[in-house]
Amino acid sequence: MREAGYSIAVYPGDGTGPEVIREGEKVLGALAEGGPAPWHLSTYPGGGQYYLASGREWEPEAEAAATRADAILLGAVGWPGATLPNGDLAGRALVLGLRENLDLFANVRPCKLYPGVRHRISGSYREVWSPKNVDLVIVRENTEGLYTPAHGRLARARETEVAIDTRVITRKGAERVIRYAFELARHRPRGAPADGKKRVTCVDKSNVLEGCRFFRETYERVATEYPEVEKDYSYVDAFTQWLVRDPERYDVVVSTNMMGDIITDLAAVLQGGMGFAAGGNIGAEHAMFEPVHGSAPKYAGKDQVSPFATFFAVEHMLRWLADRHRDPRLIRQADRLERAVARVLAEGSARTYDQGGHVSTSAAGDRVAAAVRVEDP
Ligand code: IPM
Ligand code: MN
């Protein structure tokens, strides 16, 4: 427990990032009213737009603040035309760079459908899944796999002949993320919605890829330490259909980096869309929390996108801090935020455009902040 309060480094980033982060700050402000705030926020610019304006992705002090902070809150990075000289996304330092440099090895993406949230297939809202069917967490390896920076081009006479990305699976990388998934399953109170069983599903392509065979062998070895958690396997291609057909079978899912990237966006459809999907990038010493939707340039400046993913990112951040510092105050604040969000969603009083509504980003933030104020601390 930190009496002086936790330091949170905030990077709003590009596009709609600052709009949703503003609402996150608003809600944190409402939680802290009536007492000394158990946290203090420091905000730093950075990302693709900043790069276009300044020639730098961020300032050295912004980078140093990420290392010093107790937790990091990120909006989104990426802007059309903002590319580094080597072809990389300008702003990568704030997301991929932090994952690498702070060794944020587990990308933890809860996927839960709250009552009152609509979900969409082929353009219309349908009651395909009910909230009692969707409550899983996907744990994605976050530092290696196909994202390993062992890649390049072979050019002959300045003409690209071959482009190569190398997929690296290491013992350490696989083991720690799989262990994280089992620990999470052990501590989740309810297990899979279908049968209440604690279960970790290993999603891979071990029928074809050597790295995936090694990932699965590692899964087998770690699983022996968790006899109370059911083992489960799925090839990634088959998983995409099972996830949509029977989401209630899943409790915790673990996968490699690129596969995890893809299946988490698919899973977001089950929880109401990208407007609800948040991720925690978690390491042994540091953690960064973000809405997963990206900078959405098309909607930038329109006060239109959903701030709910950011509220879930904030909630996840408070729970992680509470756990790390054994601070029950923060568990109460996270519970309070979750209750407020759940109530607003159930009422359907803050539906942004992605939910078929007309409520603005800032008005949705106002509703949740108001709901926080009337929740008992
Ligand atoms: C995500 C994003 C990132 C990724 C991008 C922005 C580099 O898609 O967090 O899922 O590929 O990991
Ligand atoms: Mn992604």
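How do the residues of the lining of the second largest pocket divide into nonpolar, polar and charged? There are 8 nonpolar, 7 polar and 4 charged residues. Keep in mind that this is a predicted model.

Stay with this pocket for a moment. The second largest pocket has a volume of about 350 Å³. Its lining is made of 19 residues, and G273, M274, G275, Y353 and D354 lie nearest its centre. Helix 8, residues 257-270, gives the most to this lining, with 3 residues. Domain 1 (1-108 + 275-377) and domain 2 (119-271) each supply at least three residues to the lining of the second largest pocket.

Now turn to the largest pocket. It holds about 1200 Å³ of space. It is lined by 33 residues, and Y180, L184, R188, H316 and R319 are the closest to its centre. Several elements give two or more residues to this lining, among them strand 4 (106-112), helix 5 (171-187) and helix 10 (328-347). Helix 9 gives the most, with 8 residues. The lining of the largest pocket divides into 18 nonpolar, 5 polar and 10 charged residues. Why does the largest pocket lie between domain 1 and domain 2? Both domains give residues to its lining, so the pocket lies between them.

Next come the salt bridges. The structure holds 35 of them. In one, E183 pairs with R186, and the closest N and O atoms are 3.6 Å apart. These two residues are 3 apart in helix 5, so about one helical turn separates them. E183 is partly exposed at 28% relative accessible area, and R186 is partly exposed at 32%.

R213 is partly exposed at 32%, whereas E210 is exposed at 54%.

A further salt bridge joins E375 and R339, with the closest N and O atoms 2.8 Å apart. E375 has 13% relative accessibility, so it counts as buried. R339, at 38%, counts as partly exposed. Salt bridges can also form a network, as with K112, E315, R319, D335 and E338.

Finish at Y147. This residue is in the loop between strand 7 and strand 8 (151-156). Y147 is partly exposed, at 26% relative accessibility. Residues it touches include L96, R140 and D261.

Terms used. Residues are numbered from 1 along each chain as its sequence is written. Chains are lettered from A and ligands numbered from 1 in the order in which they are written. This is a predicted model: local features need pLDDT of at least 70, side-chain atom pairs count only at pLDDT 80 or more; totals for chains, interfaces and linings use all residues. Side-chain values use heavy atoms; hydrogens and water are left out. On a 1 Å grid over the protein atoms alone, a cavity is a set of points where a 1.4 Å probe fits but cannot get out, and a pocket is an open set with protein on both sides within 12 Å along at least five of seven lines; lining residues have an atom within 4 Å of a point. Grid points are joined across faces, edges and corners, and a volume is the space filled by probe spheres set on the points. Helices (H or I, at least four residues) and strands (E, at least two) are DSSP runs, numbered from the N terminus. Ala, Val, Leu, Ile, Met, Phe, Trp, Tyr, Cys and Pro count as nonpolar, Asp, Glu, Lys and Arg as charged, and the others, Gly among them, as polar. Domain bounds come from an automatic or database domain assignment. Buried means under 20% relative accessible area, exposed over 50%, partly exposed in between (1.4 Å probe, protein chains only). Contact means heavy atoms within 4.5 Å. A salt bridge is a side-chain nitrogen of Lys or Arg within 4 Å of a carboxyl oxygen of Asp or Glu. Lists of a residue's contacts leave out its neighbours within four places in sequence.
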